[in-house]
Structures are given as C-alpha cells and as structure tokens.
Amino acid sequence: MKNRSLTKDYLIRAEHRLAAVDLLFSRGAFADVVREAQEAVELMLKALLRTGRIEIPRIHDVGDILLENRQRFSKDVQPHLERFAEISRQMRRDRELAFYGSEDLTPSEFYKKADAERALGDARFIWEKLRPFAT
C-alpha cells in the first residue's frame, strides 16, 4: 500500500465511468449501463479498501471484505457498509451476463430501463458517499 495516489486514481476513473454511463443510459443501452456501473462500483469499493489499508483482492465483489473490516473505515462510511456490500453482491451477479449474455439470454433484450436506473442509482449512491476521498 505504498502508492497513495492509487486510491484517488480509482475514484477519478470511477467518476469518468459514471459520466460514460450517463451517455449509455441516454442512448438506451441498458445492458451496458448495468455493466459499466458495476465497474465503477468495483473501482470505488476497492478505493475504499485502500483507505483501510486492506490488500485489494482480484475478485469483483468485495462486499464481504468491507463488512469484515468495518472498523478500519471512517465513521462517515461505516453506516453505509451494509448497503455497499449489498450493491456489490447484486452487481457482481450481473457483471458477465450484462456483457456477454448466454445462449438463452441476449443482454440488450433482457436488461430494461428499470435495471439501468437501479444500477446507476446504486453507483451514484456510493459515489456520493466516497467523493470526499477523491479530493
């Protein structure tokens, strides 16, 4: 954990992804909104892990790690960890499906506006709580 600028970089890159998600949403690319929102959330939560000096695992859902280490995070963030973990878990389930689909599921047909709104809303919720760490 020697690279202190990496936490800020993760958050700035997540913010860029959120801007891209807005464009995807405006174009009706709802499956892509779900996928890109997941990537933004993953970056934000891994940045949070770094603030707690927790080694970043090579997995997409870090919710359980957040909960196991709640005492390492600021008092401002602690009340939101349960929701962060829930969002991380939900988005992890959709990660590959929203991108690749499957033989019985075409992402652009499966994901609807409501799915995209939920994903974007969840990502924005996390961003609002973690934005102070980006400065």
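How many salt bridges does the structure hold? There are 13, where a salt bridge is a side-chain nitrogen of Lys or Arg within 4 Å of a carboxyl oxygen of Asp or Glu. We will visit some of them on this tour.

Before you start clicking, note that this is a predicted model, in which local features need pLDDT of at least 70 and side-chain atom pairs count only at pLDDT 80 or more, while totals for chains, interfaces and linings use all residues. Residues are numbered from 1 along each chain as its sequence is written, and side-chain values use heavy atoms, with hydrogens and water left out.

**Stop 1: the core**

Select M44, F84 and I126. These residues have the most contacts inside the largest nonpolar core, a group of 40 residues. Such a core is a set of buried Ala, Val, Leu, Ile, Met, Phe, Trp, Tyr and Cys residues joined through side-chain atoms within 4.5 Å. Buried means under 20% relative accessible area, exposed means over 50%, and partly exposed lies in between (1.4 Å probe, protein chains only).

Now colour by helix. At least two core residues come from each of α1 (5-26), α2 (30-51), α3 (63-68), α4 (81-100) and α6 (113-130). The top contributor is α2, with 13 residues. Helices here are DSSP runs (H or I, at least four residues), numbered from the N terminus.

**Stop 2: around F84**

Keep F84 selected and show its neighbours. Leaving aside residues up to four places away in sequence, F84 touches L45, L48, L66, V77, F125, I126, K129 and L130; contact means heavy atoms within 4.5 Å.

Zoom in on F125. By the ring rule (centres of Phe, Tyr or the six-membered ring of Trp within 6.5 Å; planes under 30 degrees apart are stacked, over 60 edge-to-face, the rest tilted), the count comes to 4 aromatic pairs. One of them is F84 with F125, an edge-to-face pair at 6.0 Å centre to centre and 70° between the planes. F84 lies in helix α4 and F125 in helix α6, so this pair ties together parts that are 41 residues apart in sequence. Both F84 and F125 are buried.

**Stop 3**

Which side chain meets R83 in a salt bridge? Select D122: the N to O distance is 3.3 Å. D122 lies in helix α6 and R83 in helix α4, so the pair ties together parts that are 39 residues apart in sequence. D122 is buried at 13% relative accessible area, whereas R83 is partly exposed at 36%.

**Stop 4: R35 on α2**

Next, select R35, E39 and F99. The charged end of R35 sits over the ring of F99, 4.3 Å from its centre. R35 also meets E39 in a salt bridge (3.1 Å, N to O). Both R35 and E39 lie in helix α2, 4 residues apart, about one turn of the helix, and both are buried.

**Stop 5**

Display E42, K46, R92, R95 and E96 together to see a network of salt bridges. Then move to α1, where D9 and R13 are 4 residues apart and form a salt bridge at 3.2 Å, N to O. D9 is partly exposed at 31% relative accessibility, and R13 is partly exposed at 31%.

Finish at R53, in the loop between α2 and α3. Its phi is near 55°, a positive value in a residue other than glycine. R53 is partly exposed, with a relative accessible area of 49%.

Note on methods. Lys NZ or Arg CZ within 6 Å of the ring centre and 35° of its normal.
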